[in-house]
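Visitor: Hi! I'm new to this, could you walk me through the structure?
Guide: Happy to, here it is.

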Amino acid sequence: MTSRPILYDGWALAYQPNHPAAIHLLTMLHHHPEELPAGVALPADSFHMLPTAITPYLQPTPNSPRQRLNWEQRRLPDLARRIGAACLHLTSPFPALLGQTPVVVSPCEYWGELSLRSLPTQRGFIAHLRTALGQGGLSRARAILWPEDLPDSNFPAPKVSLSPVVHPAFLQNNLDSQVHQRDLLQLMDLPESYVLYHGPGTRSALESLLAAWSWAVGPLGENNPLLILGLDSQEQALCTQMAEESDLRSFLRPVPSVSIEDLAALYRGCSAVFNPAPYSAWGGSERATLVCRKPLVAMESPSLGALVGRAAYLVQPEQAASSRSLGAALVTVVVEESVSEELVKAAQQRTQNWRGALFAGQLAEVYKTCT
């Protein structure tokens with residue numbers, strides 16, 4: 001196996017610290033093969049502490065769509081070439097079109113059922129250009145890493161199936177983690193029962209969230225606030241504005257970015273996780289919810305059904321169109337303990353083999369094969 005370093009794209013660690021891309025990257029860094037050197041390219045200081053064996057490469061880059069495009073198409077491949085990287089590992093499916101370093105991709109976007117052969121495009125010239133260049137670069141990737149419990153997504157490059165994995169912080173259930181959880185909830189002045197949303201912050205996702213939440217607020221009341229995690233500052237402002245327009249502001253608690261340990265503690269302390277929005281294949285709330293033994297309410301889809309099995313309360317899409325069914329499902333899992341207990345039992349069975357050793361070995365094999 002080569003001794004040249006593996007270079008990871010750390011954009012999310014700097015600018016999206018609670019996004020699935022950052023969470024999955026932290027997970028991979030934790031399980032990175034010890035025999036291989038590794039570095040992380042950072043456009044700004046990492047929000048999270050990096051493992052001591054990982055070399056940071058700070059390449060100051062502002063956070064804007066134009067600079068993100070420049071980062072992906074020029075700065076990352078140039079850095080990989082300069083340090084002689086054996087492989088560039090991305091968590092977003094937008095590789096450089098003309099990069100020379102072998103690329104592998106672990107897609108962590110909130111896209112749900114969308115095919116990787118047809119990347120969604122936001123408005124604007126830069127977004128369209130990013131999609132076009134990324135689509136071309138993705139077709140040249142050495143491998144797309146995909147969880148083995150999810151169905152295929154029409155891949156434009158060779159697929160490599162890996163074992164499901166979560167960050168070890170979500171697996172902690174000892175006395176120290178319990179004390180940390182208690183202290184954090186007291187510090188945040190949270191009630192004994194709260195619901196957690198950890199998903200995309202787009203206008204459409206927030207509209208779906210608030211519409212469904214409006215049906216649950218009455219039965220759950222002020223003693224069960226909705227914590228909203230993972231949004232950047234602009235998304236938080238949008239969420240607050242939309243909540244005020246819907247008279248739901250007093251029932252919401254947008255939470256700034258937190259450490260991975262605090263994030264896991266918030267999952268362990270919640271009554272349920274509510275996600276009526278697209279999911280991420282890696283690093284998303286669904287796996288964290290199941291491994292923390294919490295009930296999950298979400299919208300049914302073929303892939304999500306494959307991921308959670310019977311360990312979640314999934315609402316049919318045609319029912320979810322009115323939002324009422326999603327709100328009712330959330331009330332059910334919070335209020336009816338028997339329903340919650342059945343979901344938790346199924347989650348425990350489904351996640352009992354979700355440990356990192358197998359994933360780490362598979363990751364090492366990927367690097368050996370693709371470099």
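Visitor: Which residues of α6 are buried?
Guide: They are A205, L206, L209, L210, A212, W213, A216, V217 and L220. Buried means under 20% relative accessible area, exposed is over 50%, and partly exposed lies in between, with a 1.4 Å probe and protein chains only. One caution: this is a predicted model, where local features need pLDDT of at least 70, side-chain atom pairs count only at pLDDT 80 or more, and totals for chains, interfaces and linings use all residues. Residues are numbered from 1 along each chain as its sequence is written, and side-chain values use heavy atoms, leaving out hydrogens and water.

Visitor: What do the buried residues of α6 pack against?
Guide: Their partners are β8 (195-198), β9 (226-229), α7 (233-245), β10 (252-254), β11 (272-275) and α12 (324-335). These names come from DSSP runs, helices being H or I with at least four residues and strands E with at least two, numbered from the N terminus.

Visitor: How far apart are the end C-alpha atoms of α6?
Guide: They are 24 Å apart. The 18 residues of α6 (residues 203-220) should span 26 Å at 1.5 Å a residue, so the two values agree. The expected span is 1.5 Å times one less than the number of residues.

Visitor: Where does α6 bend?
Guide: At S214, by about 35°. That bend is the angle between axes fitted to the seven residues ending there and the seven starting there. After α6 comes G221, with a positive phi near 75°.

Visitor: Switching to the sheet, what is the order of its strands?
Guide: The open sheet has six strands, ordered β10-β9-β8-β11-β12-β13, with parallel pairing. Two strands pair if DSSP finds at least two bridges between them. β10 and β13 (313-315) are at the edges with a single partner strand each, so one side of each has no neighbour in the sheet.

Visitor: And how many bridges join β8 and β11?
Guide: Two, in the parallel sense. L196 stands opposite V273 in β11.

Visitor: Which residues touch the most other members of the largest nonpolar core?
Guide: Y8, F170, L266 and Y367 do, in a core of 91 residues. Helix α2 (residues 20-30) gives the largest share of this core, seven residues. Another core lies apart from it, with 33 residues, including A205 and M242. A nonpolar core is a set of buried Ala, Val, Leu, Ile, Met, Phe, Trp, Tyr and Cys residues joined through side-chain atoms within 4.5 Å.

Visitor: Where is M242, and what does M242 touch?
Guide: M242 is in helix α7 and is buried, at 7% relative accessible area. Not counting residues up to four places away in sequence, M242 touches R203, L206, E207 and L210; contact means heavy atoms within 4.5 Å. The C-alpha atoms of M242 and L206 are separated by 8.1 Å, though the two residues are 36 residues apart along the chain.

Visitor: What about D189, buried or exposed?
Guide: D189 is exposed, at 63% relative accessibility. You'll find D189 in the loop between α5 (175-187) and β8. D189 has a positive phi of about 55° although it is not a glycine. Most residues other than glycine have a negative phi.

Visitor: And what is the phi of D247?
Guide: Positive, about 60°, and D247 is not a glycine either. D247 sits in the loop between α7 and β10, exposed with a relative accessible area of 65%.
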